[in-house]
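Please read it alongside the sequence and the coordinates.

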Amino acid sequence: MRHISHYIGLLFLTALFLIGSILFSTLYLNLVNQRTDEVLSGLLNRGNTHRDVLEKSFDQQTIDHVSLMESASEFTVVVTDQKGKILKSSNRLTEEMKTELTHTEF
């Protein structure tokens, strides 16, 4: 009788652990996906705002202003011309960033 109660207790703990792990994993993945979507949405909104400002006035003063606005943030903005030539960036570009820029369609 004693071995059966240990077996049932172990089975119960295993089931609880399995259900808890599944629930935790599901919650974690949902939170990570939600946060990723928020960050991407924010980046797209910032980029679209910069694009709209530069479409209205694509001169050196506006380019400098957009670059200056992003220089204090954790992100880097890069302004290019139609051919992909870098006109201004808010921070120093690494080689990895430059490589990404060459793969971007203009």
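This is a predicted model: local features need pLDDT of at least 70, side-chain atom pairs count only at pLDDT 80 or more; totals for chains, interfaces and linings use all residues.

1. Residues are numbered from 1 along each chain as its sequence is written, and side-chain values use heavy atoms, with hydrogens and water left out.

2. A search of the whole structure gives 1 aromatic pair (rings of Phe, Tyr and Trp, the last by its six-membered ring, pair if their centres lie within 6.5 Å; planes under 30 degrees apart count as stacked, over 60 as edge-to-face and the rest as tilted). The ring centres of F24 and Y28 lie 6.2 Å apart with their planes at 20°, so the pair is classed as stacked. F24 and Y28 are 4 residues apart in helix 1 (residues 2–56), about one helical turn (helices, H or I with at least four residues, and strands, E with at least two, are DSSP runs numbered from the N terminus). F24 is exposed at 56% relative accessibility, whereas Y28 is partly exposed at 48% (buried means under 20% relative accessible area, exposed over 50%, and partly exposed in between, with a 1.4 Å probe and protein chains only).

3. The search of the whole structure also finds 5 salt bridges (a side-chain nitrogen of Lys or Arg within 4 Å of a carboxyl oxygen of Asp or Glu). One of them joins the side chains of R35 and E38 at 3.4 Å, N to O, and both residues belong to helix 1, 3 residues apart, or about one turn of the helix. R35 is exposed, with a relative accessible area of 52%, and E38 is partly exposed at 43%.

4. Another salt bridge, between E70 and R46, has an N to O distance of 2.7 Å. This pair links distant parts of the chain, with E70 in helix 2 (residues 60–71) and R46 in helix 1, 24 residues apart. How accessible is E70, buried or exposed? E70 is buried at 6% relative accessibility, while R46 is partly exposed at 31%.

5. D64 and K88 form a salt bridge in which the closest N and O atoms are 3.6 Å apart. Because D64 lies in helix 2 and K88 in strand 2 (residues 86–89), the pair ties together parts that are 24 residues apart in sequence.

6. Strand 1 (residues 78–80) and strand 2 run antiparallel and are joined by 3 bridges (two strands pair if DSSP finds at least two bridges between them), and V78 stands opposite S89 in strand 2. The hairpin of strand 1 and strand 2 has 5 residues between the strands, and there G84 takes a positive phi near 95°.

7. The largest pocket holds about 940 Å³ of space (on a 1 Å grid over the protein atoms alone, a pocket is an open set of points where a 1.4 Å probe fits, with protein on both sides within 12 Å along at least five of seven lines, and lining residues have an atom within 4 Å of a point; grid points are joined across faces, edges and corners, and the volume is the space filled by probe spheres set on the points). Its lining has 27 residues, of which G47, V77, V78, V79 and T80 lie nearest the centre. Helix 1 gives the most to this lining, with 10 residues.
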